[in-house]
Amino acid sequence: MARYTGPKTKISRIFGEPILGNGKYLGKNSNPPGQHGAQRKRKQLGEYALQLREKQKAKYTYGVLEKQFRNLFEEANRRKGVTGEVLIKLLEARLDNTVFRMGIAPSRPAARQLVAHKHVTVNGVVVNVPSYQLKPGDTIGLKDKTAGNTSLTSNIRGKNPKFSWLDWNEKDLKGTFIAYPERESVPENIKEQLIVELYSK
């Protein structure tokens, strides 16, 4: 399964922000990675470099590979609405991202693992595809056997109330993907218009 498994802080230092979650060490060392990172000044990036950087940031944030990302962009381009905003909505509707947003898992990689190991159900059916696209009204839950496993359920922290497009029932350990989120509700610092410009060349 091809995905980034290297040091998270290194990626955060490339972008200068904690895009993979824990930014604990970023304040201590915010220099670019590499042997000469401290001596190398961050140079002014050109238009193409800025666009490419934004695409890479989105890919690392959501844990998506290049081909998957390209397919999502083409799907966003086919749908009605502003392409960049639709792209963010499709990324947010991924099953692994929704499991993370609902607080079932502490991070997106952990959510991906939960899904891949067949612990998560959608509308009562086990789904082990992290990139599965949810639709409004879909119910996400844990398998009965998983729900009884305290080592897994102890990590559940509950949904952040800011995520109004999701509903979570702590008692039943089930949640609902109510609707696609509006762009202003998604907290990720991604300039999606630069990604649209990159793919439009």
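**Briefing: fold, surface and sheet of the chain**

The accessible surface of the chain amounts to about 11400 Å², and carbon and sulfur atoms contribute 50% of this area. The structure is a predicted model. Its chain has 201 residues, of which 40% count as buried. The secondary structure consists of 9 helices and 5 strands.

**Overall architecture**

- Along the sequence, the elements follow the pattern α-α-α-α-α-α-β-β-β-α-α-β-β-α.
- Among contacts in the chain with a separation of 6 or more, 56% are accounted for by residues 24 or more positions apart.

**The sheet**

- The 5 strands form an open sheet in the order S2-S1-S3-S5-S4, and the pairing is antiparallel.
- Strand S2 (125–126) and strand S4 (166–169) are the edge strands, each of which pairs on one side only.
- Strand S4 is joined by 4 bridges to strand S5 (residues 174–177), and S4 and S5 run antiparallel.
- Aspartate 167 has threonine 176, a residue of S5, as its bridge partner.

**Helix H1 and its cover**

- Helix H1 spans residues 8–15, and its buried residues are Ile11, Ser12, Arg13 and Phe15.
- Helix H2 (47–62) is included in what covers the buried residues of H1.

Notes. Residues are numbered from 1 along each chain as its sequence is written. This is a predicted model: local features need pLDDT of at least 70, side-chain atom pairs count only at pLDDT 80 or more; totals for chains, interfaces and linings use all residues. Side-chain values use heavy atoms; hydrogens and water are left out. Helices (H or I, at least four residues) and strands (E, at least two) are DSSP runs, numbered from the N terminus. Buried means under 20% relative accessible area, exposed over 50%, partly exposed in between (1.4 Å probe, protein chains only). Contact means heavy atoms within 4.5 Å. Accessible areas come from the Shrake-Rupley method with a 1.4 Å probe; for residues, only the protein chains shown count as cover. Two strands pair if DSSP finds at least two bridges between them.
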